[in-house]
Each structure stands twice: as structure tokens, then as C-alpha cells.
Amino acid sequence: MTSPVSAAYARLTEVCPDLVVTELGAGEPAPRGGDWVGAAELAAGGAGLDTFLAWDEDQIQRDYGQPGRPDVVASFGLHRYGWAACLLITLPWFLDRRVPRLPVTHVSYDRVAGRMAVRVASFACLPGDPAAVLPGAVVVADEEALRAEVRAAVAEHLEPVLGAFGPRMRRRGRALWGMATDEIVEGLWYVAEMLGDEERAVRELDRLLPGATKPYVGSAAFRVLTGPAGEPLPTRDRASCCMYYTLRPEDTCATCPRTCDDERIAKLTAAAGGGGPPPPPARPAAPPRAPKITPGGVTPSGHAE
């Protein structure tokens, strides 16, 4: 099935081959069985969330030779889901100025195969968009109104998910919505850089999350440091911590709130290619942290490994 956001999902798969999005038609059942889990199952907690987090628990033990604390396991799991889920909404907005509404009942995820299945029943768009005449279109007045739709759509999807993950992460309120801020920013930052449009993404994200946009905590928080040779080193200040330091205390990421500017400059300068964005794609081989993740594992990029 195709929809007004299909082209954006196709572009997403071009730059993140480990994330394939299938759109479900009217009446078509959501996939179940195997490694599929519905977002509503994650939001309900219980066995569906237990099974989902078991993957992160096993990965931490396998890759780091030690168990992760339960709150760390849950933090990694939320990051890996939230990063992909936010892109379902933010990338169509960024590329085509269309914002799908995707409640948890409309999204399923197979993290092992890197697949998501979505049911797009409605979307917001701007006046003059050819898609504005289609069923399910909600036409809003201007760019700021469309940004409000992005914030609302992500909040609608993430709020029940955060409610289920929160107790396992030992986080509430502001801490959870700080993570939501980071997933919105770092997902689009990464994909836009892969599409060759990083500078525009930084501007757009600064407008999307300028601060004081509840329930989100903090702003996009981009800034530029100066390297030893006077070169610009793009970075940002995360609103939350990914908890990677609990496994490798000496190796925090370059956007971590625990990392001072001198250390950031050293990490960014040492990394090949400068200061690219830090998030992992849908099924990373390593926990959320500074390096970009590829299907084969971690590769150095704009952030130190």
C-alpha cells in the first residue's frame, strides 16, 4: 500500500537498510508471531515488554561480558525503539511536510529483522499540498502549526510507551520526556546527515524543539565547538543520559551531559570525518552511544568510538 508518507519511508530505508517500513491497508491485520511486537504490547508492559527487553539483556551480556542493571537494560530498549518510532513521524515532516498520526495501536516492530509495520489513517499537512484533498488529511495553517502537530503526534505515540518503560528504568516525568527529546533530535539528525541535508535538519530541529514545549524537556540544544585547527565541530547537549557509562565509564559519548567540552573536542577531533550525529539505527549491534551503528557493528564516524 502507498500513502502520502510512503516516499519518506522509502528514503528512510535507502539510508538505513536495517529499517524497512511496511504500510498496512484498511482491514489488513498487523503482523504478529515470530519477533513481531505491537507498540501497544510494549505500552501494556507485561510479557510483551519482558520479551522485548530480553534482547537487550542478552546483547549487553554478550558484548560486554557483564550483566546490565535492569534500569540500564530498559533504557537501552527504550532508546532503540524510540529512535525508530520517532522517525516514522519526523522524517515525513522533514522531507514532505506531512505528519502522520500513529497511536500505539497502529505500529508493530520486528527488531530482529529490522521491520516496522504501520497503519496511516490520518496525517497533517499544509495548505497547497496536493495530498490535502486525500481522505484523512488535516490541513493546518502554517509551519508552526505543523511543528505543533509533530510534537503532538510523537507525544501521542510515546506517552503510553514511556509509561510502561518508566518503572523499569527507575525514571519518571521529566527524565522520561528528556529521553523523548533526544530520540526526536538524534534520529532525524542522523538520517538527515545520511541524506546530505544535516544543516537544514539542525535548523528545523531547533525550531521544532526550542525549549518550553511541554511535555518535552529541553531544546534541540545544538551548538558548535572549535577544534584545535579552528575547525567547527558540531555537537549537542543531550537532555538525558543513555547509561552507557555504567558499562564503560571511561568511554562516554560526545553529546553526553557528563562530557565536558575539552573532552568532546578531543573525541570529535579523533573521530574520522568530524562531528556527525550519534544515534544507532533500529537494531544496533552496540548500545546507544556516540558512534554510528551499521548492520555489521560500530564504525567510527563523527563521534569517538
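Modeller: For the residue classes, Ala, Val, Leu, Ile, Met, Phe, Trp, Tyr, Cys and Pro count as nonpolar, Asp, Glu, Lys and Arg as charged, and the others, Gly among them, as polar. On that basis the lining of the largest pocket comprises six nonpolar, three polar and three charged residues.

The model is predicted, with local features requiring pLDDT of at least 70 and side-chain atom pairs pLDDT 80 or more, while totals for chains, interfaces and linings use all residues. Residues are numbered from 1 along each chain as its sequence is written, and side-chain values use heavy atoms, without hydrogens or water.

The largest pocket (an open set of points on a 1 Å grid, probed at 1.4 Å, with protein on both sides within 12 Å along at least five of seven lines) holds about 210 Å³ of space. Its lining residues, which have an atom within 4 Å of a point, include Gly34, Asp35, Trp36, Val37 and Glu41. Gly48, Thr51, Phe52 and Trp55 also belong to the lining, as do Tyr109, Arg111 and Val112. Two elements, strand β2 (36–38) and helix α3 (46–64), each give two or more residues to this lining. Helix α3 contributes the most, with four residues. Helices (H or I, at least four residues) and strands (E, at least two) are DSSP runs, numbered from the N terminus.

Two of the lining residues, Phe52 and Tyr109, also form an aromatic pair (ring centres within 6.5 Å; planes under 30 degrees apart are stacked, over 60 edge-to-face, the rest tilted). Seven aromatic pairs occur in the structure. For Phe52 and Tyr109, the ring centres are 6.3 Å apart and the planes stand at 50°, so this pair is tilted. Phe52 belongs to helix α3, whereas Tyr109 belongs to strand β4 (residues 107–110), so the pair ties together parts that are 57 residues apart in sequence.

Both residues are buried (under 20% relative accessible area; over 50% is exposed, and partly exposed lies in between). Phe52 has a relative accessible area of 5%, and Tyr109 is at 1%. One aromatic cluster brings together Phe52, Tyr81, Tyr109 and Phe165.

For reference, the second largest pocket has a volume of about 150 Å³. Its lining has five nonpolar, one polar and three charged residues. Helix α7 (198–208) and strands β8 (222–226) and β9 (232–236) each supply at least two residues of that lining. Among the residues there are Trp189, Glu198, Phe222 and Pro234.

Methods:
Grid points are joined across faces, edges and corners, and a volume is the space filled by probe spheres set on the points. Rings of Phe, Tyr and Trp (its six-membered ring) pair if their centres lie within 6.5 Å; planes under 30 degrees apart count as stacked, over 60 as edge-to-face and the rest as tilted. Buried means under 20% relative accessible area, exposed over 50%, partly exposed in between (1.4 Å probe, protein chains only).
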